[in-house]
Amino acid sequence: MALLTHLFGKLANAVALLLAVLVMNFCLIHLAPGDPVQVIAGEMGGASPEVIAALRAKYGLDHSLLEQMFTYLGKVAHGDFGYSYYFNQPVLGLILQRLPATLYLAAASLVVAVLIGTVLGVISARRPNGLLSHGVTVLALAGHAAPIFWTGLLLLLLFGSVWPILPVNGMTDVVNPKTGFAYAADVAKHLVLPSITLGLVFVAQYSRLARVNMIDVLSADYIRTARAKGLPERVVLVKHALRNTLIPIVTVVGLQFGNLFAGAVLVETVYSWPGMGRLVFDSILRRDYPTLMGVLFFSAVMVIAANILTDLVYRLIDPRIRAGAR
Amino acid sequence: MSTMESSLAMAQKPLPSVSKVPKAVSPARAALRQFMKSPSGVAGAILLLLLLAGTALGPWLYPVDPLDIVGLPFAAPAADAPLGTDYLGRDVLAGLIYGGRATLTVGAVAALITIVIGVTVGALAGFFGGWVDALLVKIAEFFQVLPPLLFAMVLVTLFGPKLSTITLAIGAVSWTSAARLTRAEFMRLRDLDFIKASRAAGAGSLHLILRVVLPNALPPIIVSATLAIGTAILFEGGLSFLGLGDPNTMSWGLMIGQNRNYVLDAWWAVTFPGAAIFLAVLAVSLVGDGVNDAVNPRLRRR
């Protein structure tokens, strides 16, 4: 019951935030220098005054700003995010069509990052002053400093020309389209480089976090008890220590969803991955504002959803929060 | 000699007077001394100085216009263009030298904007609390919901890819973490006795914020400022990479963005500017670690 009330509060807050994002979207478009109709006309390669007046009426630009804003909000409430004049289809459809590819990429990168990060962190926590531990620290620093698009291009260079064992372009094999299980395998193969590129950025942080927490946890009394009971070291590490190390990592993963998404924009551009990132890139090139604003709104939706989900998972892993009031 | 003098002084005055405490070391000097003890911090500082010297002195040592076409496109590194040429036949080394000026300036100025906005918001929220805090936290929450890079992309697309717009956009989207940090520090300090004493002595809010609380909240803020520079450099790179760089000003990000489609034809045109960004961000984060050790001795990383 407490959980439901809590969740309801979170959702109400989310709705308020999203409404604010929409209002900002609207204001941004109208604050931007240049008449939107002129921009649209420019994109079409020029238009006569009559056409411009017609466009103005069509987009409701002949009404007052406040009226326009309520019209806009009303449309969004009905799922109408405007019409992309470059892709020539409704923005909502465009986004929903691209969303799965980005979610695959994000999920795969998270797996890469959490897995490698935790393993490196745990390894280096066992001997905090050992050579391996220092190596992990250096690696973490380097991983943080390397621009994601640069790592992507270097991997593209490596696997595109020097050692061509992995596909470096797109999501599927266009020449030999596959179906069923072979299709899934094909997508997975195309996913390897993009997800490693995106995942590496976060490995640094997760390994550092895992290391610090693991050192903390390993010096705790209950670990000493577990060892004293004669449990094998592997069981102590994995069953007792790791569980408590994972809690802060889950939190950070959830809070970083926005960064993950922004990173996906860059990675998708490098590897021509057909997700939202590509969509952003194309709409920037064409100055396709409705699409850009739609993506901004949807990314806010995803970040909020990720935050709420993290909160729930956190409550599931950590019984202390479940028991006590927030 | 000095040892003798001091021992003489000791002999003459066996009991050190209470008023004559050892000469106080200024906090800045103490921090500097502590910083010099951190090998990674010193390495970062040296690397950063080298990069700054390269971009500052480069034009005298290597007077080539980065926007001039000096040879055939995609010429491999050779004597007349030590790092090769790009897709238009422009000199990559000249691009690195001049591009560094733009990139490092954007990084520094954007970080400054980030910190000024973040500290102002955080200080007001943390100091006043109540509805001011509630309102500012809501605003920060709003900004946190939008992925910063994406938000910056939208801003630059709408207001045009100029170096000034890019810098402002980066500052405008990345202030929330500095604000959160400052807010926490101010809330912690607000109720300490010496602040209360100051308040009781009749100090105004502005005086309290700027002269009493802020100096004490400074250490973590300085660390986050160092880190903000690295983030801003990566931002500039990302925006330019997506075609949102200022096409009239050479920058490291612009070089990568413009040459990225030809990476298989001319690896040097993207690898070198990328390495430059990498080194700059690495240098700044090493310095940040060193500064952290110097100003937060108690919070030293394990």
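This is a predicted model: local features need pLDDT of at least 70, side-chain atom pairs count only at pLDDT 80 or more; totals for chains, interfaces and linings use all residues.
A:Gln256 is buried, with a relative accessible area of 10%. The cut-off for that label is under 20%. A:Gln256 sits in the loop between helix 10 (233–255) and helix 11 (257–271) of chain A. Leaving aside residues up to four places away in sequence, A:Gln256 touches A:Phe202, A:Gln205 and A:Tyr206. With A:Tyr206 there is also a polar contact between side chains, at 3.4 Å.

A:Ser109 is another buried residue, and its relative accessible area is 0%. A:Ser109 belongs to helix 5 (residues 91–126) of chain A. What does A:Ser109 touch, not counting residues up to four places away in sequence? The partners are A:Ser195, A:Leu198, A:Gly199 and A:Leu260.

Now step back to the domains. Chain A is divided into domain 1, covering 1–27, and domain 2, covering 99–322. Twelve residues from domain 1 of chain A and ten residues from domain 2 of chain A make up the contact. The C-alpha centres of these two domains of chain A lie 27 Å apart.

How is the area between the two domains of chain A made up? About 980 Å² is buried there, and carbon and sulfur atoms give 81% of that area. On the side of domain 1 of chain A that touches domain 2 of chain A, the residues divide into nine nonpolar, two polar and one charged. The count of salt bridges between domain 1 and domain 2 of chain A is zero. The count of residue pairs in polar contact between these domains of chain A is two, both at pLDDT 80 or more.

Next comes the contact between the chains. The size of an interface is often given as the accessible area lost when the parts come together. Chain B and chain A bury about 4100 Å² between them. Carbon and sulfur atoms carry 79% of that area. The contact takes 48 residues from chain A and 42 residues from chain B.

How many salt bridges are counted between chain B and chain A? The count is one. A:Arg208 and B:Asp289 meet through their side chains in a salt bridge, at 4.0 Å from N to O. Between chain B and chain A, the count of residue pairs in polar contact is three.

Which helices of chain B each supply at least two residues of the side that touches chain A? They are helix 5 (130–145), helix 6 (148–159), helix 10 (205–244) and helix 12 (268–295) of chain B. Helix 12 of chain B gives the largest share of that side, eleven residues. By residue class, the side of chain B that touches chain A divides into 29 nonpolar, seven polar and six charged.

Salt bridges can also be followed within the chains. Over all chains, the count comes to seven. One of them joins A:Arg224 and A:Asp221, with the closest N and O atoms 3.5 Å apart. Why are these two separated by about one helical turn? A:Arg224 and A:Asp221 are three residues apart in helix 9 (residues 221–228) of chain A, so about one helical turn separates them. A:Arg224 counts as exposed because its relative accessibility is 54%, and the cut-off for that label is over 50%. A:Asp221 is exposed too, with a relative accessible area of 54%.

A:Arg278 and A:Asp282 also form a salt bridge, and their closest N and O atoms are 3.7 Å apart. Both residues lie in helix 12 (residues 276–285) of chain A. A:Arg278 and A:Asp282 are four residues apart, about one turn of the helix. Are A:Arg278 and A:Asp282 buried or exposed? Both are buried.

In chain B, a salt bridge links the side chains of B:Asp191 and B:Arg190, at 4.0 Å from N to O. B:Asp191 counts as partly exposed, at 44% relative accessibility. B:Arg190 is buried, and its relative accessible area is 19%.

Conventions
Residues are numbered from 1 along each chain as its sequence is written. Chains are lettered from A and ligands numbered from 1 in the order in which they are written. Side-chain values use heavy atoms; hydrogens and water are left out. Domain bounds come from an automatic or database domain assignment. Contact means heavy atoms within 4.5 Å. Buried area is the accessible area (1.4 Å probe) that two parts lose on being put together, summed over both. A polar contact is a pair of N or O atoms within 3.5 Å; within protein, one must be able to donate a hydrogen and the other to accept it, and residues adjacent in sequence count only if both atoms are side-chain atoms. Ala, Val, Leu, Ile, Met, Phe, Trp, Tyr, Cys and Pro count as nonpolar, Asp, Glu, Lys and Arg as charged, and the others, Gly among them, as polar. Buried means under 20% relative accessible area, exposed over 50%, partly exposed in between (1.4 Å probe, protein chains only).
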